[in-house]
Amino acid sequence: CLLISFGLASITYSHILSTIMTIAILFVVYLSTLSIQKNKAKSFKALVISSLIYFLASSGFNVPFINAILSNKINNPDVSGFGSSVNMGDLFVESLKNSAMSPNVGFIIATIVGIACLYTENKFNKYIYIYGLVLLIISTSLFPWMIFKNTSINLLQFPWRLLQFAVMFLSLCVSRVVCDAKIKSFKHIVTLFAIILSISSLIQCHDYGMKISKDSSADSNPWY
C-alpha cells in the first residue's frame, strides 16, 4: 500500500498529467485482473487504503490545485497537435537504433520481449506483456486518435506519452523472464547487453546536451 501510494504521490508533485494517466492505467489493470484475483475483498481493501494514503500524501499539491481551478479560469493546453502520433515503422527503426533522442522502446525490449513472453507459462508475465503490447500499439498511428480530438482525451496532447508505460510493462516482463531463466550464461549476457545499451543512451543524451549548450552559446550575444 505504502509503495504505490507514495510513488503515485511523488508523480503528482512532478507532473499532474502523468498522474492522471497512471491512475487510469492502474484502474484498467485492476478491473482486467478481477477474474484472476484470489482474494478480491483483500485486494479491494488494499486499494481503498492505498487511495486514502495517496490523497493524504498528495494533499499538499491537490488541495491548492483544486482551489486554483475552482477560483480561477484555467486555459486548456494546446491540443492542435493531438492525433499526430508516432508511426509504427519509425518507432521500430528508432528502437533498433536505440536512439535516446526520439520516442522508442529500446532495442532489447523490441527484440526479446516478443519472443520470450510468447513461450512463458506464467500468467502474470503474459498479462504484463499484453498491457505493454496494447499500450505500445495505441501509442502509435495504428490507433485512430483523431476520433477523440473533440473529447477531453485530447488533453493527452501527444499519444506517444503512453510509451513510458509500455516500456515499464515490457521491461518488467523481460526482467522476469531473464530472472526465471535457468541458464546463468544467458542472464549474464542479457545483463551485460542491457548495461552497454544503457551506457550508449547516456552518451547520446550527453552529446545532445552538449550540442544544445553550444548552439545556445553561439546564438547569445556576450556583450549584451
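**View 1. Surroundings of Thr22.** Setting aside neighbours within four places in sequence, Thr22 is in contact with Leu8, Ile11 and Phe165. In this predicted model, Thr22 is part of helix H2. Its relative accessibility is 13%, and Thr22 therefore counts as buried, since the term applies under 20%. Leu8 is 14 residues away from Thr22 along the chain, and the C-alpha atoms of the two are separated by 7.9 Å.

**View 2. The whole protein, for orientation.** The protein contains 9 helices and 0 strands. Read from the N terminus, the order of elements is α-α-α-α-α-α-α-α-α. The chain has 224 residues, of which 29% count as buried. Taking the contacts between residues at least 6 apart in sequence, 72% join residues at least 24 apart.

**View 3. Helix H2 against helix H8.** H2 covers residues 16–32 and H8 covers residues 163–180; their axes come within 11 Å and cross at roughly 45°. That angle makes H2 oblique to H8. The crossing of H2 past H8 is right-handed. On the H2 side the residues that meet H8 are Ser18, Met21, Thr22, Ile25 and Val29, and on the H8 side they are Gln164, Phe165 and Phe169. Sorted by class, this contact has 5 nonpolar and 3 polar residues, with no charged residues. Thr22, shown in View 1 with Phe165 among its contacts, is one of the H2 residues here.

**View 4. Helix H7 against helix H8.** The axes of H7 and H8 are 8 Å apart, and the helices pack at an angle of about 150°. H7 and H8 are therefore roughly antiparallel to each other, as angles over 145 degrees are classed in this way. Their crossing is left-handed. From H7, the contact involves Phe124, Asn125, Ile128, Tyr129, Tyr131, Gly132, Leu133, Leu135 and Leu136. The H8 residues that they meet are Leu163, Phe165, Ala166, Phe169, Leu170, Leu172, Cys173, Arg176, Val177 and Asp180. By class, the contact of H7 with H8 consists of 15 nonpolar, 2 polar and 2 charged residues.

**View 5. The largest nonpolar core.** This core has 23 residues, and those touching the most other members are Met21, Leu135, Leu136, Leu162, Phe165, Phe169 and Cys173. At least two core residues come from each of H2, H7 (residues 123–138) and H8. The largest contribution is that of H8, with 7 residues.

**View 6. Surroundings of Leu135.** With neighbours within four places in sequence left aside, Leu135 is in contact with Ile25, Leu162, Phe165, Ala166 and Phe169.

Key:
Residues numbered from 1 in each chain as written. Predicted model: local features only at pLDDT ≥ 70, side-chain atom pairs only at ≥ 80, totals over all residues. Heavy atoms only, no water. Axes fitted to C-alpha atoms, helices over the stretch in contact; angles between N-to-C directions. Helix = DSSP H or I, 4+ residues; strand = E, 2+ residues; numbered from the N terminus. Parallel < 35°, antiparallel > 145°, perpendicular 65-115°, else oblique. Left-handed = near helix turned anticlockwise from the far one by under 90°. Contact = heavy atoms within 4.5 Å. Nonpolar A, V, L, I, M, F, W, Y, C, P; charged D, E, K, R; others polar. Core = buried A, V, L, I, M, F, W, Y, C linked by side-chain atoms within 4.5 Å. Buried < 20%, exposed > 50% of the residue type's maximum accessible area, 1.4 Å probe, protein only.
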